[in-house]
Amino acid sequence: MEIMATIDFDFRNQIIQNDIGNTLAYCYQCATCSGACPVAQVTNGKYNPRRLILDALLGLKEKIFGKENAFGIWGCTVCDTCDEVCPQKVELTEIFTILKNMSVEKGESPDYYTTQASTILENGKAIPMQPAIERRREQLGLPKVLSPDVEEVQKLLKSTKLSEKIKKEV
Ligand code: SF4
Ligand code: SF4
């Protein structure tokens, strides 16, 4: 027997009171977003933006969070197709970003996201330069890739409290 999920009004209000999140209230569940979503198509609906919007609108926090539900949030590739097709102009990807941020703060984000964030925090870029790549670029006559100002990047990221969120010391 399925257990009834509890409505969490605070959670719901946290999204609706956000400048962009308030578009959540305009959703009338037409499912145009799910029909157009490439991830929904290749996962046979396992990932479903319409359902995620509905769960957020109803404040069904426990159906959204929890490691076992992570794909329901993190399956989104942020391609923005749903935003473009939604007849109600619901800002789906921005709302999903709010949910992803909450997931990170709960320590429930997939490791590949936090690992990538750590790499940016440590190196100032997502893919640090490697000698083999540098040699190959030189052979091909390509210019050197300029190194980022790592301290500057770290300063910016620290102001977003990224290191605390991903529990990383720099
Ligand atoms: S397309 Fe827009 S209105 Fe329709 S279900 Fe998706 S979010 Fe709701
Ligand atoms: S932004 Fe995410 S939810 Fe929207 S269509 Fe793309 S993958 Fe699907």
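In this predicted model, two helices, α2 (32-36) and α4 (49-58), each supply at least two residues of the lining of the largest cavity. That cavity holds about 90 Å³ of space. Its lining is made up of 14 residues, and those closest to its centre are C27, C30, C33, C86 and V90. By class, the lining of the largest cavity has 10 nonpolar residues, three polar and one charged.

The largest cavity is also the space taken by ligand 1. Around ligand 1 there are 13 residues, of which C27, C30, A31, C33 and C86 are the closest. Nine residues of this shell are nonpolar, three are polar and one is charged. C33 has a relative accessibility of 11%, under the 20% cut-off, and therefore counts as buried.

In total, the structure holds two cavities of 30 Å³ or more. The second largest cavity has a volume of about 70 Å³. Its lining consists of C37, V39, Y47, P49, C76, T77, C79, D80, T81, C82 and T93. Seven of these residues are nonpolar, three are polar and one is charged. C79, one of the lining residues of the second largest cavity, has a relative accessibility of 40% and so counts as partly exposed, a class that lies between 20% and 50%.

A disulfide is a covalent bond between the sulfur atoms of two cysteines. The structure holds zero disulfides.

Of its 16 lining residues, W74, N101, V104, A117 and L162 are the closest to its centre. The elements that give two or more residues to this lining are α8 (92-105), α9 (111-123) and α12 (162-165). The greatest contribution comes from α8, with five residues.

The table sets out the volumes and the classes of the lining residues.

| Space | Volume | Residue classes of the lining |
|---|---|---|
| Largest cavity | about 90 Å³ | 10 nonpolar, three polar, one charged |
| Second largest cavity | about 70 Å³ | seven nonpolar, three polar, one charged |

Conventions:
Residues numbered from 1 in each chain as written. Chains lettered and ligands numbered in written order. Predicted model: local features only at pLDDT ≥ 70, side-chain atom pairs only at ≥ 80, totals over all residues. Heavy atoms only, no water. Near = heavy atom within 4 Å. 1 Å grid on protein atoms, 1.4 Å probe; cavity = no way out; pocket = protein on both sides within 12 Å on 5 of 7 lines; lining within 4 Å. Sits in = over half its atoms within 2 Å of the grid points. Nonpolar A, V, L, I, M, F, W, Y, C, P; charged D, E, K, R; others polar. Points joined across faces, edges and corners; volume = space filled by probe spheres on them. Helix = DSSP H or I, 4+ residues; strand = E, 2+ residues; numbered from the N terminus. Disulfide = S-S within 2.5 Å. Buried < 20%, exposed > 50% of the residue type's maximum accessible area, 1.4 Å probe, protein only.
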